[in-house]
Amino acid sequence: MSGNISFTMIKPSAVSAGYSGGILKMIEEGGFRIKALRMHHLTEAQAMKFYAVHAERPFYHDLVRFMSSGPVVAAILEKADAVSAFRALIGSTNPADAAEGTVRKHYGKSVQENAVHGSDSDENALIEASFFFSGFEQY
Ligand code: ATP
Ligand code: MG
């Protein structure tokens, strides 16, 4: 059975470009309910921990530096089958390959600066949500 929670971050370059409102609008119009929402400037240590699954990948250190370069907008999203529904809304990792009408096609600049993060499994959605938000911050 699939879960009803996904976790997202609007990445620093998209926040600084002024895309937060447009991206949140696409998310709400896509039928997701915002269950928690906050800006946060990740430290390098926090970004390393968040992306620890990618520690062996060649782009890891660049990714950590990028994700801690400015504030992100973090959110917990609720919808039936949320993880796969949200990945469909955001599109492929590389914005150049993302389908028309997706968040990454519209707002992404490159593989790294691809506008948003989306959880890849129900288990990780819960881990990521509780990394950012306490129970008191979830509505
Ligand atoms: P995310 O986890 O951010 O939702 P994703 O699941 O589509 O993205 P992952 O494979 O988990 O993609 O990679 C995590 C992030 O690492 C990507 O969103 C991107 O910012 C960066 N990344 C992935 N592959 C590359 C690459 N080849 N070069 C540079 N950065 C990359
Ligand atoms: Mg991923």
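Predicted model: local features only at pLDDT ≥ 70, side-chain atom pairs only at ≥ 80, totals over all residues.
Residues are numbered from 1 along each chain as its sequence is written, and side-chain values use heavy atoms, with hydrogens and water left out.

**Overall fold**

- The chain holds seven helices and four strands, where helices (H or I, at least four residues) and strands (E, at least two) are DSSP runs numbered from the N terminus.
- Read from the N terminus, the order of these elements is β-α-α-β-α-α-β-α-α-β-α.
- The radius of gyration, taken over C-alpha atoms, is 14 Å, which agrees with the value near 14 Å for a compact globule of 139 residues, the globule rule being 2.2 Å times the number of residues to the power 0.38.
- Along the principal axes, the C-alpha atoms fill a box of roughly 35 × 35 × 30 Å.

**Burial, surface and contacts**

- Of the 139 residues, 43% are buried, meaning under 20% relative accessible area, with exposed set at over 50% and partly exposed in between (1.4 Å probe, protein chains only).
- The chain exposes about 7200 Å², of which carbon and sulfur atoms supply 55%; accessible areas come from the Shrake-Rupley method with a 1.4 Å probe.
- Among contacts (heavy atoms within 4.5 Å) with a separation of 6 or more, 75% join residues 24 or more positions apart.

**Helix 5**

- In helix 5 (residues 82-90), the buried residues are Ala82, Val83, Phe86, Leu89 and Ile90.
- These residues lie on the same side of helix 5 because they cover an arc of only 125 degrees around the axis, the arc being that of the directions from the helix axis to the C-beta atoms.
- Their cover includes strand 1 (5-10), helix 2 (20-29), strand 3 (72-78), helix 6 (103-107), strand 4 (116-118) and helix 7 (122-132).
- After helix 5 comes Gly91, with a positive phi near 90 degrees.

- Lys35, in strand 2 (residues 33-40), is buried without a salt bridge, and the nearest side chain of opposite charge, Glu78, is 4.3 Å away; a salt bridge requires a side-chain nitrogen of Lys or Arg within 4 Å of a carboxyl oxygen of Asp or Glu.
- Not counting residues up to four places away in sequence, Lys35 touches Ile5, Ile76, Glu78, Glu137, Gln138 and Tyr139.
- Ser20, in helix 2, counts as buried because its relative accessibility is 16%.
- Beyond its neighbours within four places in sequence, Ser20 contacts Ile10, Ala14, Val15 and Val73.

How values were computed
Chains lettered and ligands numbered in written order. Lys, Arg positive; Asp, Glu negative; His and termini not counted.
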